[in-house]
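Please look through the model below, with attention to its aromatic rings, its strand pairing and its backbone exceptions.

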Amino acid sequence: MKVAVVGCCHGALDKMYETLELLQRRHNVRLDLLLCCGDFQAVRNEADLRCMAVPAKYRHMQTFYRYYSGEKKAPVLTVFIGGNHEASNHLQELPYGGWVAPNIYYLGYAGVVRFRGVRIGGISGIFKSHDYRKGHFECPPYNQQTVRSAYHVRNIEVFKLKQLKRPIDIFMSHDWPRSIYHYGNKNQLLKMKSFFRQEVESNTLGSPAASELLQHLKPTYWFSAHLHVKFAAFMQHQANSKEELPKATKFLALDKCLPHRDFLQIIDVEHDPSAGDSLEYDAEWIAVLKATNSLVNVTQSSWNMPEKNGLHAKWDYSVTDEAIKEVLEELNHNLKIPCNFTMTAACYDPSKPQKHLEPVHTINPQTTEFCAQFGLTDINGRIQQAKEEGSARSEHEEEEEEEEMDSTGSAEEPSEYNTDNSGLSSINPDEIMLDEEGGDEDLSTCSVDPSPDHPPDFSASFSDIRIMPDSMAVSSDDAMDSTNEELEKSGLSKVEEKSLSERPLKRIGGSENGNSGVKKIKRRNQAIYATEDEDKTE
């Protein structure tokens with residue numbers, strides 16, 4: 001079957017689907033599935049815009065709301081993971097995954113599904129070491145710290161995925177696995193993105209959590225986005241035993257969506273011709289969720305996953321064939337994911353803008369149904385419970401404090417230090433930030449710039465889209481000086497297309513300067529996000 005993979009979509013669904021349909025007509029191909037590697041931006045309304053970790057001037061409605069409302073329907077089944085520029089409040093409703101719109105499925109914080117017998121997994125968000133060992137404690141309304149920490153990868157999701165033993169065909173992450181650049185044309189990458197050099201040479205570019213998963217899962221394909229550059233690599237894995245067959249992963253990072261020529265890749269994937277066209281649960285993954293349910297944490301406290309170090313009675317949560325069989329029997333061997341999409345928020349109406357719409361913490365019926373079916377903890381329900389218990393404790397403490405004031409004449413002076421460390425930052429060279437100018441502004445204000453109601457005009461030209469062959473041969477680290485021609489000779493064939501005339505919104509990098517009162521943007525970010533002047537002259 002033919003699978004299309006795209007990088008950062010940034011909410012431009014109309015453009016993306018129109019491009020795919022034009023491609024299918026031009027080349028007489030039929031796409032069976034679309035995968036998106038994060039920054040999908042499933043924004044339903046103005047409240048969702050406030051939950052995106054970008055300055056207000058970059059909050060634009062784009063076109064997802066048309067698919068959410070039912071005005072439009074995705075022409076191809078779409079499966080996506082979250083990135084670091086998302087309506088976090090919306091995706092948080094579906095921690096175990098679910099439909100964000102008809103025919104558009106979110107994999108959750110981490111997830112595995114099946115389509116036509118092909119096993120597809122993914123992990124949402126990006127890696128930040130200072131949040132990695134915390135629970136999923138965030139909920140709207142977010143503050144300046146939690147609006148960012150909400151999309152940071154947690155160790156529990158990595159731990160769950162590492163319990164999988166059966167082969168994975170396709171895996172997605174938003175940020176790259178650390179060290180993957182050593183298995184592709186590193187010199188060519190540094191020619192395109194010279195500001196990566198220091199991080200590549202110090203081996204700090206990318207996610208160590210994703211690298212850990214890559215080494216464990218050894219999927220046939222691994223797709224990423226985030227860094228807004230196309231890069232291919234081929235990683236040969238070492239066998240863990242003499243009995244294990246050698247495995248290799250074809251890695252591909254994709255550029256952001258239109259107008260970039262490298263935003264899309266099409267691959268041919270072997271599938272089960274007898275399987276139906278419905279998206280299905282993965283029985284092993286469901287069994288792992290059930291086995292690890294007791295580990296769910298919704299606090300800010302840092303904690304380590306169980307490991308074989310003498311401190312834990314149990315550290316292996318992988319599942320047996322019997323446990324998988326039990327899941328199949330629970331479902332009567334019908335693994336089809338129900339099409340139970342439900343609107344849980346008002347949809348944006350261009351004729352009736354609601355700029356002061358506030359985000360609320362919502363428990364999605366899809367999650368409620370999923371948790372009830374498999375006996376899992378509803379993470380949002382647990383967060384809500386913790387909030388209510390915290391409020392009750394606060395009221396009790398206030399009463400005790402008032403009594404103390406009555407008896408002593410004064411209450412204890414508050415500490416002059418901020419004891420909330422949830423917003424502490426550490427250097428993470430892999431987090432691509434949009435221009436941080438105004439980054440400290442109040443999240444309660446936002447600028448809403450709706451997309452035009454008419455489809456974009458296409459010129460006679462179209463984007464250069466490559467179709468990946470069965471094997472993606474890429475030069476090894478010993479042959480980094482190979483040219484693009486040599487890469488093409490190694491098996492990357494082109495479908496010659498042309499470029500779209502319409503340009504999407506550009507992210508604008510701020511200028512570095514020595515003013516201590518002005519936030520600085522990494523030089524790497526400045527180069528990734530083109531300036532307005534450059535955009536106008538293209």
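**Aromatic pairs, strands and backbone**

The structure contains 19 aromatic pairs, where rings of Phe, Tyr and Trp (its six-membered ring) pair if their centres lie within 6.5 Å, and planes under 30 degrees apart count as stacked, over 60 as edge-to-face and the rest as tilted. In one of them, phenylalanine 64 and tyrosine 68 have ring centres 6.1 Å apart and planes at 35°, so the pair is tilted. This is a predicted model, in which local features need pLDDT of at least 70 and side-chain atom pairs count only at pLDDT 80 or more, while totals for chains, interfaces and linings use all residues. Residues are numbered from 1 along each chain as its sequence is written, and side-chain values use heavy atoms, with hydrogens and water left out.

Both phenylalanine 64 and tyrosine 68 belong to helix H3 (residues 64-69), where they are 4 residues apart, about one turn of the helix. Helices (H or I, at least four residues) and strands (E, at least two) are DSSP runs, numbered from the N terminus. Phenylalanine 64 has 0% relative accessibility and counts as buried; buried means under 20% relative accessible area, exposed over 50% and partly exposed in between (1.4 Å probe, protein chains only). Tyrosine 68 is also buried, at 1%. Another pair is formed by tryptophan 99 and tyrosine 105, whose ring centres are 5.0 Å apart with planes at 80°, so this pair is edge-to-face. Tryptophan 99 and tyrosine 105 are both buried. One aromatic cluster consists of Phe40, Phe64, Tyr68, Phe80, Tyr106 and Phe341.

Next, the strands. Of the 6 residues of strand S11 (residues 248-253), 5 are buried, so S11 is largely enclosed by the rest of the structure. Strands pair if DSSP finds at least two bridges between them. S11 runs parallel to strand S9 (residues 221-224), joined by 4 bridges, and tyrosine 221 has lysine 250 in S11 as its bridge partner. Strand S10 (residues 231-236) is antiparallel to S11, with 6 bridges; here alanine 232 stands opposite leucine 252.

The backbone has some exceptions. The peptide bond from proline 140 to proline 141 is cis, with omega near 0°, and proline 141 sits in the loop between strand S7 (118-123) and helix H5 (146-149). Asparagine 28, not a glycine, has a positive phi of about 55°; this residue is exposed, at 73% relative accessibility. Lysine 218, also not a glycine, has a positive phi of about 50°, but is buried, with a relative accessible area of 8%.
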